[in-house]
Amino acid sequence: MAFTLGACGGGGSDAGTTPPADSGSGTAADSGDSGAKDVSSLKIGVVMKSFDEFQQQVIDGAKQGAKDAGIPEANVTAVAPNNESEIMAQVQSVEDLIAKNVDILLIAANQADTLMNALNTAAEKGIKVVMVDTDAPDFKDKVTYIGTDNYEAAYEGAKEFGTRLGGGKNVVILRGKLGDPNHEKRTEGLVAGLEETGNTVLETQDANCESDKAANAMEAFITKYPNQIDAVMVTSDSMAVGAAQAIKGAGLGGKIKVCGFDGFQAAIDLVATGEIEMIIAQKPFEIGRQGVECALGALDGKTYDPYINTGIAIIDGDNYKDYQD
């Protein structure tokens, strides 16, 4: 089952292969010309929030977009802090890439307001900046923002999962870092979708997108709410994996259903074993690929809608093989 939420920049598709709409004809890759500079000499910087599986898939998509355009992989530099709480490390990474005179920057903002000076500096130097996965809403000089509508994705996914639960069930939520706009919106969407389908959210806990923290939080939930929890939803698959481990360790496999969010291979493998019921999957590869495509187009003077939605898919026991590597 797939939901492709209405994108601002052109139509979507289940496979996520529809290119974003622009104001010109063709794509930068088609034209073979990005401004006055030979496309093969362009330098691309990709700055992510961490190096988890989702972020790595965005990077892989960016490298594919560069390859499609004739840019050597050696010209693509991907960096990220060790974890999403290292805010200033990400700022330093952006500043370093600006100093190296990259032509294109793809950035997933850990904390948008802290990045603003660096983003403005990049724009002043003529670097084409595309926000990917996590926007910096106050940065007006970006080419576009490409990612998932986090509220709608979580809301639609939670309605699907809530319907499968049958209503009247108790659910706990494990979420990513407090203050992160993606996880704030996903949490709001999960709660709304669950409640709309007649289920109750017992409690929400920050597990910082870490498997170990999620396992510990799930163990605490099981102790706090003995024989009361029917399901757990998360805002990132790393926490789904941790929750599933805790549930299995408590001997409650099959009794507490798990719903993931992202589409990590480790989580998909647990769909195969039945330890995870369902995943609300994003399309990170497309986010990265389209990010490079739009930046190249911007170098050729093209403009794009301010937001391009890459949509989601639902992964479950019926279709998980289509998503396994």
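Which backbone nitrogen does the side chain of Asn319 reach at 2.8 Å? The legend to Figure 1 takes up this point; every view is drawn from a predicted model.

**Figure 1. Asn319 and its polar contact.** The side chain of Asn319 reaches the backbone nitrogen of Asp316, at a distance of 2.8 Å. Asn319 belongs to the segment that follows strand 13, and strand 13 itself covers residues 312–316. The relative accessibility of Asn319 is 11%, under the 20% limit, so the residue counts as buried.

**Figure 2. Surroundings of Asp230.** Asp230 sits in the loop that links helix 7 (211–224) to strand 9 (231–234). A polar atom of the Asp230 side chain lies 2.8 Å from the backbone nitrogen of Asn170. Leaving aside residues up to four places away in sequence, Asp230 touches Lys169, Asn170, Lys255, Ile256 and Lys257. Leu165 is 65 residues from Asp230 along the chain, and the C-alpha atoms of the two are separated by 8.4 Å. Asp230 has a relative accessible area of 25%, which lies between the limits of 20% and 50%, and therefore it is partly exposed.

Figure 3. Most residues other than glycine have a negative phi. Asn227 has a positive phi of about 60°, and Asp262 has a positive phi of about 140°. Asn227 is placed in the loop between helix 7 and strand 9, whereas Asp262 is found in strand 10, residues 257–262. Are these residues buried or exposed? Asn227 has a relative accessible area of 83%, over the 50% limit, so it is exposed. Asp262 is at 5% relative accessibility, under 20%, so it counts as buried.

**Figure 4. Packing of helix 7 on helix 8.** Helix 8 spans residues 237–249, and its axis lies 7 Å from that of helix 7, at an angle of about 45°. This angle makes helix 7 oblique to helix 8. The crossing of the two helices is right-handed. On the side of helix 7, the contact is made by Ser211, Ala214, Ala215, Met218, Glu219 and Ile222. On the side of helix 8, it is made by Ser238, Met239, Val241, Gly242, Ala243, Ala246 and Ile247.

**Figure 5. Packing of helix 8 on helix 9.** The axes of helix 8 and helix 9 come within 8 Å and cross at roughly 45°. Helix 8 is therefore oblique to helix 9. Helix 8 passes helix 9 in a left-handed crossing. Asp237, Val241 and Ala244 of helix 8 make the contact with Ala266, Ala267 and Leu270 of helix 9.

**Figure 6. Buried residues of helix 9.** Which residues of helix 9 are buried? Within helix 9, residues 265–273, the buried residues are Gln265, Ala267, Ile268, Leu270 and Val271. Their cover includes helix 2 (53–69), helix 8, strand 11 (278–281) and strand 13 (312–316). Two of the buried residues, Ala267 and Leu270, also take part in the contact with helix 8. Just after helix 9 comes Gly274, which takes a positive phi of about 90°.

**Figure 7. Packing of helix 2 on helix 10.** Helix 10 covers residues 284–299, and its axis and that of helix 2 come within 6 Å, crossing at roughly 40°. Helix 2 is thus oblique to helix 10. The crossing in which helix 2 passes helix 10 is right-handed. Helix 2 contributes Phe54, Gln57, Val58, Asp60, Gly61, Ala62, Gln64, Gly65, Ala66, Asp68 and Ala69. These residues meet Pro284, Phe285, Ile287, Gly288, Arg289, Val292 and Leu296 in helix 10.

**Figure 8. The chain as a setting for the close-ups.** The chain has ten helices and 13 strands. Of its 325 residues, 54% are buried. Among contacts between residues at least 6 apart in sequence, 76% join residues at least 24 apart. The accessible surface of the chain comes to about 12800 Å², and carbon and sulfur atoms account for 46% of this area.

Definitions and conventions: Residues are numbered from 1 along each chain as its sequence is written. This is a predicted model: local features need pLDDT of at least 70, side-chain atom pairs count only at pLDDT 80 or more; totals for chains, interfaces and linings use all residues. Side-chain values use heavy atoms; hydrogens and water are left out. Helices (H or I, at least four residues) and strands (E, at least two) are DSSP runs, numbered from the N terminus. Buried means under 20% relative accessible area, exposed over 50%, partly exposed in between (1.4 Å probe, protein chains only). Contact means heavy atoms within 4.5 Å. A polar contact is a pair of N or O atoms within 3.5 Å; within protein, one must be able to donate a hydrogen and the other to accept it, and residues adjacent in sequence count only if both atoms are side-chain atoms. Accessible areas come from the Shrake-Rupley method with a 1.4 Å probe; for residues, only the protein chains shown count as cover. Axes are lines fitted to C-alpha atoms, for helices over the stretch in contact, and angles run from 0 to 180 degrees between N-to-C directions. Angles under 35 degrees count as roughly parallel, over 145 as roughly antiparallel, 65 to 115 as roughly perpendicular and the rest as oblique. A crossing is left-handed if the near helix is turned anticlockwise from the far one by less than a right angle, and right-handed if clockwise.
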